[in-house]
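This report describes one structure, starting with a single chain and then turning to the places where chains touch. Please keep the sequence and the 3D view at hand while reading.

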Amino acid sequence: MRVSVASLRVFGCHRDGRVVVIGARDLRVVFGGRVRAVDGVDLEVDAGEIVALVGESGCGKTTLARTLLGLERPSSGEVLFEDKPLDYRRLKAYRRQVQLVLQDPLGALNPRHTVYDAVAEGLRIHRVPGDEQALVADALSRAGLRPPERFFLRYPHELSGGQRQRVVIAGALVLEPRVLIADEPVSSLDASVRGEILGLLLRLRDELGLTVLVVTHDLGLAWNIADRVAVMYLGRIVEIGPTAEVLQSPQHPYTQALLSVVPDVGHTEQIVLTGEPPDPARIPSGCRFHPRCPVVLPECTSVSLPILGVGGGHRAACVRVE
Amino acid sequence: MSLLEWRDVSVDYAGPDGPVPAVRGVTLSVERGEVLGIAGESGCGKSTLAATVLRLLPDSARVGGEILLDGADVLTMSWGKLRAARWSDAAIVFQGALHSLNPVQSIGKQLAEPIRLHKTAADPDARVRELLEQVGLPASRASAYPHELSGGQRQRVMIAMALACGPDLVIADEPTTALDVMVQAQVLDLLTGLVRDLGMGMVLISHDLGVLGTTCDRIAVMYAGRIVEIGPGLEVFDDPQHPYTRALAGAFPRVGDPAARYAPVGLPGDPPYPGDLPGGCDFHPRCPVVMDACATASVSLVDAGVGRVAACLRVSS
Amino acid sequence: MAGLIILAFFVLVAILAPILISPESLDVTKATGERFDPPSLAYPLGTDEDGRSILLLLAYGTRISLTVGLAATLISMVIGTAVGIMAGHFRGAGSHALVGVTDWFLVIPFLPLAIVLATVLGPSTLNLIIVIGITSWAGTARLIRAQTLSIEGRPYIERSKALGAGNWHQMTRHVLPNVFPLVLANTTLTVAIVILSETTLSFLGLGDPLAPSWGAILDSAFSTGAVSQGAWWYVLPPGICVVLVVLAFTLVGRAMERIMEGRT
């Protein structure tokens, strides 16, 4: 069943002609009462869009992704799927629509299961009717492993890193989800192999209309495949917008600093922030970035910045921008 | 005299089906005050090459060629001289070092260990404080335990440990992998600053050509145990001559480069297993610009510009 | 290897015993030997206080000891593995309760508990199996729980959850196959312990009085004064058999552990 972009308009809610598939509204996730991993996020991802969620460790991007998947419960706020709040009693059905691709393909596959079993697992859990073998073969070839039969009886340790990641992607594709959430999908793969996996994600978007949310710390990856970029810092999205705009004309001082230290030839002056990425258990008052901001103003310690709303434009949560 | 010189070095590991050639005929040198980058992916032999400098390979490995550390061949050194050389002449920061700290000892104690072993300072504790400051950590952290430090801080501790006995040469194997981009910048700044201030020589090993391009004076690219390209850092990154280097550079797209938008660059297949090499040019099965001759010709490093060499048939033609 | 050979021997004896030996030879009323006869050609291991051949008694005892050993081990492993996996997989009150129960069984001294249970349930082979099974699962549970916890941290469990797997699926299709090698290695060691337990309980007179397990034979030996009579053929052989079988299982268990270590 191929989902064409045209038929997608039947599902989901239209907003200015866009079809919103998955999103978050005022989402907050607090651990142990103190660690505010996600501290107020509004997000909307359109059908067939590739959004990159970038930030350093501790910024909450992985927690946000896991909450969108239903693997974590929000402390307040909502996860929206096709404009309706997520029904936590129907999580299993939700899983068929929104799938996960993890960072480490070797760890993500049970070493005792063959490739066939790994891909068929989803089908068996959801008792999908139909010819299991044909469905598995189809998913494997869509993920680029051809001829698929050759891989049925292989074990994960017999495959290369790139092939393993393709198996993980096939396992997700076999359920024909609408959304793929990929957490650092290429960071544990060899450099020369990353391109093929990224290319695969792009192809899946073009051919299947798949919506992809990529969580990564690699701005180059975002430049490579993302339509929009959302930069997170200490649990909030501090800047969001079309990739070309955010990465070439960043408005938020944090984004500017991040971009300046990406290793590149003939770059402008590097803004190397001092100190460590801070602790989500002790979020600073006012603008959460103010202790490390190279262009901080006096009002930044007390200003209350609103959550960046939804919409396609380029926005940043900074006093200097407003 | 170069600080470090590898002369036609080869390393064979003992494999289940015979020797596995991890390094095949590498010739490279590092001068004082220079940062040499070695670029490559898993299986290319870069970590093995680094380990040869202090003879840290297992006994079953056979090492050929000469490795001259300040003129003296490490491979023929007596055991006593080798032990003395280890850490006080050359030190290595290993891959995944931030996980190599003993979790039940304070970092101050662990830093003091090489100092005590080599008796390089009268007051080890004072030296420990000095080292911590050199790597940008407050001296008070000497009493902290590894789990209390962040990844970036642990990496700094490993660098401090490498500096403990005042070596002339530091080899850092993937020092910034697994670190955030901002912390990576801090660590790279630290490393280049140390080379500048202490006049050391440094070898930086990484698969991230971007990192190497912006910090190294020269870069050598390794593939399947051989060097396939050498040149000045920025030039190798900006204008690669060898198709493999081009693919490696493409894997880290430049933000702002319109050609990289929606066009990920990747190679089919995998970095080769050293025991299972194709004939001819090692890279030809994956090469995007392969020619017929590549499958059988023997390829060696040829001139590819001022101060540059590359091992590719297309370069010589 | 040596362990396997010894084991094979005993298993053979256990299987063949009823075929080769008529049950009559155990019948006290039909005993033909002299009381406490030393070993001779007719009675290779001598006779007991009723004139029965010790050798034949031992052969029959093999069946009982091995049967109880294996059956009780099965019960122990099933309970232990199930509790261990559930305690490791689930979080919250249920898991705490399971761990609490496990700890309770670990802490209570085995022998007093077994004696109490055996007395309450009454002397029979089946009850012996139940008693030993119930009192020896805790160690396994602890071990399996620890292994489960380490497996739970692996990404493929999370992937399974993300695919929509429920608890049962995760525990049976992912955790169980990966703890299985440990279970196997642990089983053989448990059998050894169980056989020792059975011998002890029978020796204390808590087993089936009609079933001549090795422990029961020892019990008879002591209570009928074989020691003071100097009838060493009555006292030593059962003990030696127990030692040999336990040793065999232990050797096999160790070998399996080494194989598992190589694999993981």
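## Domains of chain A

Which domains does the domain assignment of chain A give? The assignment gives domain 1, made of residues 5-97 + 177-316, and domain 2, made of residues 111-174. The model is a predicted one.

The centres of domain 1 and domain 2 of chain A, taken over C-alpha atoms, are separated by 29 Å. Where the two domains meet, ten residues of domain 1 of chain A are in contact with nine residues of domain 2 of chain A. On the domain 1 side, helix H8 (residues 191-208) of chain A gives the most, with four residues. By class, this side of domain 1 of chain A holds seven nonpolar and three charged residues, and no polar ones.

## Overall form of chain A

Chain A contains eleven helices and twelve strands. Along the principal axes, the C-alpha atoms of chain A fill a box of roughly 65 × 45 × 40 Å. A compact globule of 322 residues would have a radius of gyration near 20 Å, and the 20 Å of chain A therefore agrees with that rule.

Of the 322 residues in chain A, 54% are buried. Contacts in chain A between residues at least 6 apart in sequence were also sorted by separation: 66% of them join residues at least 24 apart.

## How the chains touch

Two pairs of chains are in contact, and chains A and B share the most contacts. Chain B and chain C are joined by no contact, and their closest C-alpha atoms lie 16 Å apart.

Between chains A and B, 37 residues of chain B are in contact with 34 residues of chain A. Four elements of chain B give two or more residues to the side that touches chain A: helix H6 (181-198), helix H7 (209-215), helix H8 (233-238) and helix H9 (243-250). H6(B) gives the most to this side, with five residues. The residues of this side of chain B divide into 19 nonpolar, eleven polar and seven charged.

## Helix H9 of chain B

How many of the residues of H9(B) are buried? Seven of its eight residues are, and H9(B) is mostly covered. The buried residues are Pro243(B), Tyr244(B), Thr245(B), Ala247(B), Leu248(B), Ala249(B) and Gly250(B).

These buried residues of H9(B) pack against elements from two chains. From chain A there is H8, and from chain B there are S3, H7, S9, S10 and H8.

## Strand S9 of chain B

Strand S9 (residues 218-223) of chain B is also mostly covered, with six of its six residues buried. In a regular strand the side chains alternate between the two faces of the sheet. In S9(B), Arg218(B), Ala220(B) and Met222(B) point one way, while Ile219(B), Val221(B) and Tyr223(B) point the other way. The residues on both sides are buried.

S9(B) pairs with two of the strands named here. With strand S3 (residues 35-39) of chain B, S9(B) pairs in the parallel sense over four bridges, and Gly37(B) has Ile219(B) as its bridge partner. With strand S10 (residues 226-232) of chain B, S9(B) pairs in the antiparallel sense over six bridges, and Ala220(B) has Ile230(B) as its bridge partner. S9(B) and S10(B) form a hairpin with two residues between them. In the turn, Ala224(B) has a positive phi of about 50°.

Notes. Residues are numbered from 1 along each chain as its sequence is written. Chains are lettered from A and ligands numbered from 1 in the order in which they are written. This is a predicted model: local features need pLDDT of at least 70, side-chain atom pairs count only at pLDDT 80 or more; totals for chains, interfaces and linings use all residues. Two residues are in contact if their C-beta atoms, placed from the backbone, lie within 7 Å. Ala, Val, Leu, Ile, Met, Phe, Trp, Tyr, Cys and Pro count as nonpolar, Asp, Glu, Lys and Arg as charged, and the others, Gly among them, as polar. The radius of gyration is taken over C-alpha atoms; the globule rule is 2.2 Å times the number of residues to the power 0.38. A residue is buried if 20 or more other C-beta atoms lie within 10 Å of its own, exposed if 12 or fewer, and partly exposed in between; C-beta atoms are placed from the backbone. Domain bounds come from an automatic or database domain assignment. Two strands pair if DSSP finds at least two bridges between them.
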